[in-house]
Number of protein chains: 2
Amino acid sequence: MTKTTVVPIKLESSHRTTLQEQIYSSIRCSILEGLIGADHRLPSTRALAAELGVSRTTVMGALEHLQAEGYLVTRRGSGTYIAKQLPDRAAPLPLQHARGGRHPLLSERGRALAEARAPDRRRPVSPRAFRLGTPALDLFPLRLWSRIARQCIRSATAKHLDYSALSGLMPLRVAIAEQLRSRGTKCEPSQVTVVAGSQRGLDLVFHLLLDPGDSAWVEEPGYPGARCALLAAGAHALPMSVDADGMRLSEEPDADNVRLAYVTPSHQFPLGVTMSLERRRELLQWARRSRTWIVEDDYDCEFRYQTQPRPCLHALDPDGRVIYVGSFSKNLFPALRLGFLIVPHDLATGFATARRASDMHPPVLEQLVLAEFISRGHYQRHLRRMQAAYSERLDALQTAIQRSGVPLKLRPVHSGLHAVADVEDGIDAERVAQEAEARDLEVVPLSHYYYGTRAPENALLLGFGAIRPAAIRLGVSHLAQALDAARRN
Amino acid sequence: MTKTTVVPIKLESSHRTTLQEQIYSSIRCSILEGLIGADHRLPSTRALAAELGVSRTTVMGALEHLQAEGYLVTRRGSGTYIAKQLPDRAAPLPLQHARGGRHPLLSERGRALAEARAPDRRRPVSPRAFRLGTPALDLFPLRLWSRIARQCIRSATAKHLDYSALSGLMPLRVAIAEQLRSRGTKCEPSQVTVVAGSQRGLDLVFHLLLDPGDSAWVEEPGYPGARCALLAAGAHALPMSVDADGMRLSEEPDADNVRLAYVTPSHQFPLGVTMSLERRRELLQWARRSRTWIVEDDYDCEFRYQTQPRPCLHALDPDGRVIYVGSFSKNLFPALRLGFLIVPHDLATGFATARRASDMHPPVLEQLVLAEFISRGHYQRHLRRMQAAYSERLDALQTAIQRSGVPLKLRPVHSGLHAVADVEDGIDAERVAQEAEARDLEVVPLSHYYYGTRAPENALLLGFGAIRPAAIRLGVSHLAQALDAARRN
């Protein structure tokens with residue numbers, strides 16, 4: 001179904017630019033920011049002109065410009081639509097063209113960060129099959145959250161408006177420490193550092209534990225966000241391959257200036273395997289022996305299917321070498337931007353103090369609401385409900401793929417919110433992803449998460465957490481078409 | 001007046017530590033985090049024991065331990081109080097003691113950040129005279145804010161729970177761009193990047209525009225947060241002295257690898273001077289000639305006393321060399337943790353993309369509420385009310401100092417929320433600050449903001465924004481005692 005879109009445009013007569021340029025720039029910006037998504041219809045030029053109080057010629061000039069650049073497409077007798085494939089998303093970033101002279105526009109590091117291969121989190125539309133990394137937003141108890149927020153604001157005083165504790169509010173830290181027991185581990189509230197999302201946490205950890213030029217082990221394939229944060233810290237990422245038991249330890253584990261290992265032991269991203277107990281022990285021994293750190297990213301460990309929970313690495317660590325990174329993006333919702341670190345006692349004060357350089361602390365109101373949500377038991381209840389919903393969604397995906405007879409083979413899914421699907425020989429997974437995009441699906445080839453080496457697998461990643469069962473079934477039928485088209489090409 | 005404090009303590013029998021250790025650690029943590037402030041009285045050991053369901057001996061053991069370490073003091077017949085001078089605040093950070101071996105606990109950078117001289121933002125109590133950097137929280141329209149928040153949450157949908165635009169929500173960017181006209185400058189919404197507070201903004205700017213080893217000009221004396229962020233980016237801060245016309249440009253302005261200048265032209269922190277038009281032009285010419293960047297921090301520019309507003313540096317820049325840093329911490333409240341950058345067109349995409357490495361975007365709800373608050377006109381109204389309140393508070397400070405005959409001379413205050421007071425010869429400003437601390441005042445010597453050089457002035461900084469006129473008058477009388485004590489010593 002096509003919706004006609006309301007475009008937020010503000011015009012100023014005193015502006016440095018013409019009205020036509022302002023209209024052009026407002027619409028372009030709205031498209032690029034995802035405020036109006038692919039395939040939405042614009043109001044008619046007559047309606048736009050009337051609404052903005054400008055001539056129709058002015059509006060048409062702006063739209064023609066946008067059409068020429070590929071942002072809009074016209075369908076005869078039906079109107080003007082936002083293009084499915086936007087020019088800027090494919091085009092190289094403008095900043096790749098340095099201005100010349102002795103200083104390029106961004107620093108080397110800045111350019112590397114801006115160009116780093118990482119999933120684009122600008123989401124123009126609601127979750128489509130098979131979006132990765134988004135939980136079941138359709139099932140989030142927004143009213144309940146709203147009620148608690150109202151109560152928190154009502155009881156807030158001037159004190160809650162000032163700068164606050166750098167490691168986060170104590171009631172929230174107490175709630176998180178308590179909650180962590182479900183992961184089989186323990187910590188004191190003083191070891192909990194609340195951060196503005198786990199990406200913020202990784203950035204902080206790498207800046208505090210690594211100097212420029214230091215190295216860190218990362219999983220290959222692995223999470224792009226960790227690589228970006230290492231890049232920002234000026235550190236080198238040394239890729240370590242992953243097999244069915246998790247990350248394989250290097251033959252030369254004591255290689256020079258390796259100061260930490262970044263791992264996702266509970267549910268390796270993106271392969272989904274769980275690190276074996278033996279590998280965990282080896283890793284901890286390596287860290288103890290070489291006095292290095294382990295950063296354990298437990299990003300979506302709460303949801304398990306027909307498997308027993310395994311305690312996190314942090315629980316096995318008697319030496320305080322593990323820094324645990326937790327996120328509320330998968331367990332609650334990403335727009336909250338809250339996560340946490342569990343740091344060894346020795347580091348807690350340093351971590352707090354150093355935050356003056358980067359961000360101080362997350363917003364106080366968000367912290368208050370989350371602390372209440374957890375301590376009143378809503379968090380545990382929500383996780384239980386989501387466990388049931390994700391089991392149902394995974395089942396829908398497995399059944400639909402089996403019944404459709406598509407040339408895909410799903411690997412077993414033990415936990416998390418996505419599956420790995422191997423594509424039949426002779427069909428290129430990257431090509432399938434392109435064909436899927438043209439059919440309004442979001443499908444990422446596994447190869448996108450290999451950095452140092454070439455992907456040995458021809459596989460796709462299929463997120464199922466954010467998608468309702470009916471949409472999963474429909475998505476599989478569209479995916480079947482995409483596979484078919486990719487085979488023919 | 002002394003209040004008896006409720007201490008949040010949770011005990012677990014299954015815990016690795018004894019009950020006594022848990023009580024000790026909860027109270028110590030609450031004190032260090034500022035949850036219970038100096039001079040608050042603890043409940044009696046009998047009451048605590050009853051409440052926690054443990055023996056009185058257990059409670060007494062924990063309290064004795066805390067007393068021995070200097071966290072608590074006992075006053076005969078009156079009870080147990082939190083100590084005014086806490087041991088950990090003065091003691092060196094634990095991480096200064098590296099564990100030895102080939103890797104110290106934190107990286108070099110991490111240690112430098114954790115030990116950097118910067119104002120401690122952990123505020124144990126409500127604003128006291130003469131707190132710096134906090135606005136009039138007592139006058140913030142919390143109910144109005146709460147009403148708007150309620151409306152925003154009520155109309156939120158699943159879409160608002162997902163990851164969002166990396167540069168911030170477009171309605172907020174539009175509102176900020178419009179609002180910026182009050183600073184005499186203009187920008188497109190596409191140039192606005194919403195960040196989680198201006199410190200986050202500085203961290204981002206320095207990482208994207210500087211490589212490790214690059215240099216940046218900073219003002220001397222100057223804002224410690226900018227120095228911390230430069231440290232985090234691996235850059236060198238080159239101090240440039242400040243006179244009555246603002247930062248003095250170097251004799252060797254083209255010194256090697258200087259890639260940017262960080263300045264506070266509207267209201268120099270901490271001296272309070274405004275950069276002259278001539279200096280502004282020179283600075284812009286330098287940036288154009290050497291293809292370097294200017295980072296303009298306009299942190300508390302909205303409030304002016306008997307002076308005409310001067311447009312910000314950004315308004316004078318035809319070349320797009322100025323990155324403007326704005327904050328809502330002074331104009332609204334610090335716990336909101338929202339600020340923004342205005343970046344040149346060429347940099348906008350790069351800045352957005354690079355945020356995947358550090359923090360993605362600020363929380364969506366906070367952005368929605370702020371956008372509404374601005375676009376409905378509440379922001380402008382609030383600023384007008386605050387202008388009147390700050391004029392009154394400044395007047396109270398000036399009058400009280402004049403009438404009290406203290407050996408202080410206030411420099412003229414043209415804008416902002418703090419004053420510089422020169423201390424009479426023969427009395428040491430640092431000593432006055434210590435005596436003031438003992439009298440429950442917060443007074444910072446100007447010398448704390450000198451880094452590369454020795455402070456030529458014997459002066460104090462007095463914040464007046466957060467303090468009611470009556471408390472200002474009382475504060476001045478206590479300050480008179482502190483000055484007196486410092487003279488005698």
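**Helix packing and salt bridges**

Modeller: H8(A) and H9(A) are oblique to each other. This is a predicted model. The axes of H8(A) and H9(A) are 9 Å apart, at an angle of about 40°.

Biologist: What is the handedness of the crossing of H8(A) and H9(A)?

Modeller: H8(A) and H9(A) cross in a right-handed sense. On the H8(A) side the contact involves Gln199(A), Leu202(A), Asp203(A), Phe206(A) and His207(A). H9(A) contributes Gly225(A), Ala226(A), Ala229(A), Leu230(A) and Ala232(A).

Biologist: At what angle do H8(A) and H5 of chain B pack?

Modeller: H8(A) packs on H5(B), residues 108-115, at about 105°, and their axes are 5 Å apart. H8(A) is thus roughly perpendicular to H5(B). Phe206(A), His207(A) and Leu208(A) of H8(A) make this contact with Arg109(B), Gly110(B) and Leu113(B).

Biologist: And how do H6(A) and H6(B) cross?

Modeller: Their axes cross at roughly 180° and come within 10 Å, which means that H6(A) is roughly antiparallel to H6(B).

Biologist: Which residues of H6(A) and H6(B) meet there?

Modeller: From H6(A) they are Leu142(A), Ser146(A), Ala149(A), Arg150(A) and Ile153(A). From H6(B) they are Leu142(B), Ser146(B), Ala149(B), Arg150(B) and Ile153(B).

Biologist: Let us turn to charges. How many salt bridges are there over all chains?

Modeller: The count over all chains is 42. One of them joins the side chains of Arg131(A) and Glu442(A), with 2.7 Å from N to O. These two residues are 311 residues apart and link distant parts of the chain. Arg131(A) sits in the loop between H5 and H6 of chain A, and Glu442(A) in the loop between H14 and strand E13.

Biologist: Are Arg131(A) and Glu442(A) buried or exposed?

Modeller: Arg131(A) is buried, because its relative accessibility is 1%. Glu442(A), at 16%, also counts as buried, since the cut-off is under 20%.

Biologist: Which residues are linked with this pair in a network of salt bridges?

Modeller: The network consists of Arg128(A), Arg131(A), Asp440(A), Glu442(A) and Asp162(B).

Biologist: What about Arg259(A) and Asp214(A)?

Modeller: Their side chains form a salt bridge at 3.8 Å, N to O.

Biologist: Now the nonpolar side. How many residues does the largest nonpolar core have?

Modeller: The largest nonpolar core has 152 residues. Phe328, Leu332 and Leu479, in chain A and in chain B, have the most contacts inside this core.

Biologist: What does Leu332(B) touch?

Modeller: Leaving aside residues up to four places away in sequence, Leu332(B) touches Pro135(B), Phe140(B), Trp145(B), Leu370(B), Phe373(B), Tyr379(B) and His382(B).

Biologist: How would you summarise chain A?

Modeller: Chain A has 15 helices and 14 strands. Its residues number 489, of which 59% count as buried. Among contacts in chain A with a separation of 6 or more, 72% are between residues 24 or more positions apart.

Biologist: Where is Gln481(A), and is it buried or partly exposed?

Modeller: Gln481(A) is in helix H15, residues 469-488 of chain A. Its relative accessibility is 42%, so Gln481(A) counts as partly exposed. From Gln481(A) to Arg227(A) the C-alpha distance is 34 Å.

Biologist: And Thr18(B), where is that?

Modeller: Thr18(B) is in the segment before helix H1 of chain B. At 45% relative accessibility, Thr18(B) is partly exposed. Thr18(B) and Asp245(B) are 227 residues apart along the chain, and their C-alpha atoms are separated by 61 Å.

How values were computed: Residues numbered from 1 in each chain as written. Chains lettered and ligands numbered in written order. Predicted model: local features only at pLDDT ≥ 70, side-chain atom pairs only at ≥ 80, totals over all residues. Heavy atoms only, no water. Salt bridge = Lys/Arg side-chain N within 4 Å of Asp/Glu carboxyl O. Helix = DSSP H or I, 4+ residues; strand = E, 2+ residues; numbered from the N terminus. Buried < 20%, exposed > 50% of the residue type's maximum accessible area, 1.4 Å probe, protein only. Core = buried A, V, L, I, M, F, W, Y, C linked by side-chain atoms within 4.5 Å. Contact = heavy atoms within 4.5 Å. Axes fitted to C-alpha atoms, helices over the stretch in contact; angles between N-to-C directions. Parallel < 35°, antiparallel > 145°, perpendicular 65-115°, else oblique. Left-handed = near helix turned anticlockwise from the far one by under 90°.
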